[in-house]
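This briefing is meant for a reader who is meeting the structure for the first time. Please keep the sequence and the model at hand while reading the points below.

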Amino acid sequence: MSVTNLPPWAPAEALSGASYSAAELSADGDRVFLLEQRELPVVERYVTLTTPAEVAEGIRAMVVRGAPAIGIAAAYGMVLAARAARGEGAEGYLHALRRAGALLDASRPTAVNLSWAVRRALALAEQHAPRDGEQRFQEMAAFARALHRDDVAACRAMGRLGAAHLPDEGAILTHCNAGALATGGYGTALGVIRAAIEAGKRLRVLADETRPYLQGARLTAWELHKDGIPVEVLADSMAGWLMQRGEVKAIVVGADRIARNGDVANKIGTYAVACLARHHGIPFYVAAPWSTVDLATPDGTAIPIEERASDEVGLIAGKRMVPEGVRARHPAFDVTPASLITAIFTERGEATPGELARLAG
């Protein structure tokens with residue numbers, strides 16, 4: 001692994017469509033570049049990874065995070081596996097790809113986009129295993145880049161759909177980071193806000209800081225400020241008061257997995273925001289690509305919730321906030337029941353949670 005403070009690609013090569021990107025594949029397909037999101041907003045730097053194991057660790061350690069972005073990163077990890085196995089026969093190639101897929105798939109459990117991308121890569125590997133090693137590698141790279149491009153297009157499509165539901169002016173609340181940093185580019189929840197502003201709506205963003213990992217304060221605020229979109233950061237406990245005062249006109253969040261009945265797993269704290277929104281009569285929207293919808297999971301009780309390390313709550317920037325010997329809980333996600341969600345936006349269309357299966361066709 002190597003590190004650089006500048007984007008390690010030519011501007012025309014970035015598939016994100018922006019000056020920064022959560023994940024990119026090198027032109028030769030031999031390296032994966034990840035923006036080191038744990039160090040934002042203080043330092044903007046990229047890590048260069050050359051093996052599927054390094055990509056899996058980057059996902060696990062949250063160098064890259066956000067359901068669509070880790071799916072893209074995993075697809076790029078499978079490209080590295082295909083490149084390394086160019087000299088193998090069909091059986092050796094499939095063994096190497098399955099081993100890499102299992103490693104990547106195990107790196108984080110809640111975001112369904114991760115396993116979705118790995119399954120698609122393995123299906124391609126099964127198809128082209130008998131072919132020449134270089135051809136297999138090039139086809140895997142083309143697949144991963146297409147997945148990245150499709151995600152950006154999906155974000156723009158759901159952004160246009162969701163933008164029509166936002167008011168002409170006022171403050172929109174979001175929780176965690178569901179922007180360009182969490183996707184291939186443009187963003188899901190932030191894509192809705194971006195599209196509304198591009199359509200001429202006069203909106204500003206209230207970003208919950210999103211304890212314990214501070215994705216709202218560190219990441220959402222960073223990318224919106226970088227793009228010139230007005231944003232203010234709130235401690236999570238302030239959101240209800242601002243809703244009571246009438247300052248919040250709508251809420252838009254992303255998702256890491258959406259069950260068949262419309263229950264939504266998203267960053268911890270989303271459920272509380274949804275309850276407050278219902279109490280105050282504020283619309284609560286979810287924006288996510290169709291790859292986040294898991295029709296095989298019947299409802300939110302079947303979604304695995306990742307429990308992360310206690311120190312991610314007990315330490316902030318290396319400083320201890322919890323007494324030694326006291327354990328801190330860190331469920332990374334919670335589940336918002338479908339009954340609290342006004343509408344879900346995907347690139348396939350918009351739906352109330354109960355109508356979600358209608359978009360499957």
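In which loop is Thr210 found? Thr210 is found in the loop between S6 and H7, in a model that is predicted.

**The loop between S6 and H7**

- Thr210 has a positive phi of about 65 degrees although it is not a glycine, and, with a relative accessible area of 0%, Thr210 is buried.
- Leu214 is also found in the loop between S6 and H7, and Leu214 has a positive phi of about 60 degrees, again without being a glycine.
- At 19% relative accessibility, Leu214 counts as buried, because buried means under 20% relative accessible area.
- Pro212 has its place in the loop between strand S6 (202–208) and H7, and a cis peptide bond with an omega of about 10 degrees joins Arg211 and Pro212.
- As background to these backbone features, most residues other than glycine have a negative phi, and most peptide bonds are trans.
- Gln215 lies in helix H7, which covers residues 215–226, and Gln215 is buried, with a relative accessible area of 2%.
- Leaving aside residues up to four places away in sequence, Gln215 touches Met62, Arg65, Cys176, Asn177, Glu209, Thr210, Thr220 and Lys267.

- A cis peptide bond joins Leu40 and Pro41, with an omega of about 5 degrees, and Pro41 lies in the loop between strand S3 (32–35) and strand S4 (46–49).

**The position listed by UniProt**

- In an unreviewed entry, UniProt lists Asp256 for "active site".
- The place of Asp256 in the model is in the loop between strand S8 (248–253) and strand S9 (257–259), and Asp256 is buried, with a relative accessible area of 10%.
- When residues up to four places away in sequence are not counted, Asp256 touches Ala67, Thr110, Ala111, Val112, Asn113, Ala265, Asn266, Lys267, Thr292 and Phe333.
- Lys267 is among the residues touched by Asp256, and Lys267 is likewise among those touched by Gln215.

**Gly269 and its surroundings**

- Gly269 is found in the loop between strand S10 (264–267) and helix H9 (270–280), and, not counting residues up to four places away in sequence, Gly269 touches His175 and Asp334.
- Although Gly269 and Thr210 are 59 residues apart in sequence, their C-alpha atoms are 7.3 Å apart in space.

- Two packed helices are described by the angle between their axes and the distance between the axes.
- Helix H4 (residues 112–128) and helix H5 (residues 133–163) pack at an angle of about 150 degrees, with their axes 10 Å apart; angles over 145 degrees count as roughly antiparallel, so H4 is roughly antiparallel to H5.
- The crossing of H4 and H5 is right-handed, and in this contact Trp116, Ala117, Arg120, Ala121, Leu124, Ala125 and His128 of H4 meet Arg136, Glu139, Met140, Phe143 and Leu147 of H5.
- By residue type, the contact of H4 with H5 divides into 8 nonpolar, 1 polar and 3 charged residues.
- Helix H2 (residues 67–84) and H4 pack at an angle of about 30 degrees, with their axes 7 Å apart; angles under 35 degrees count as roughly parallel, so H2 is roughly parallel to H4.
- The crossing of H2 and H4 is right-handed, and here Ala67, Pro68, Ile70, Gly71, Ala74 and Met78 in H2 meet Asn113, Leu114, Ala117, Val118, Ala121 and Leu122 in H4.
- The residues of the contact of H2 with H4 comprise 10 nonpolar, 2 polar and no charged ones.
- Ala117 and Ala121 are among the H4 residues that meet H5, and Ala117 and Ala121 are also among the H4 residues that meet H2.

**Helix H6**

- Helix H6 (residues 189–198) is mostly covered, with 8 of its 10 residues buried.
- The buried residues of H6 are Ala189, Leu190, Gly191, Val192, Ile193, Arg194, Ala195 and Ala196.
- After H6 comes Gly200, whose phi is positive, near 100 degrees.

Methods: Residues numbered from 1 in each chain as written. Predicted model: local features only at pLDDT ≥ 70, side-chain atom pairs only at ≥ 80, totals over all residues. Heavy atoms only, no water. Helix = DSSP H or I, 4+ residues; strand = E, 2+ residues; numbered from the N terminus. Contact = heavy atoms within 4.5 Å. Axes fitted to C-alpha atoms, helices over the stretch in contact; angles between N-to-C directions. Parallel < 35°, antiparallel > 145°, perpendicular 65-115°, else oblique. Left-handed = near helix turned anticlockwise from the far one by under 90°. Nonpolar A, V, L, I, M, F, W, Y, C, P; charged D, E, K, R; others polar. UniProt positions renumbered as here; feature names shortened; annotations may be inferred. Buried < 20%, exposed > 50% of the residue type's maximum accessible area, 1.4 Å probe, protein only.
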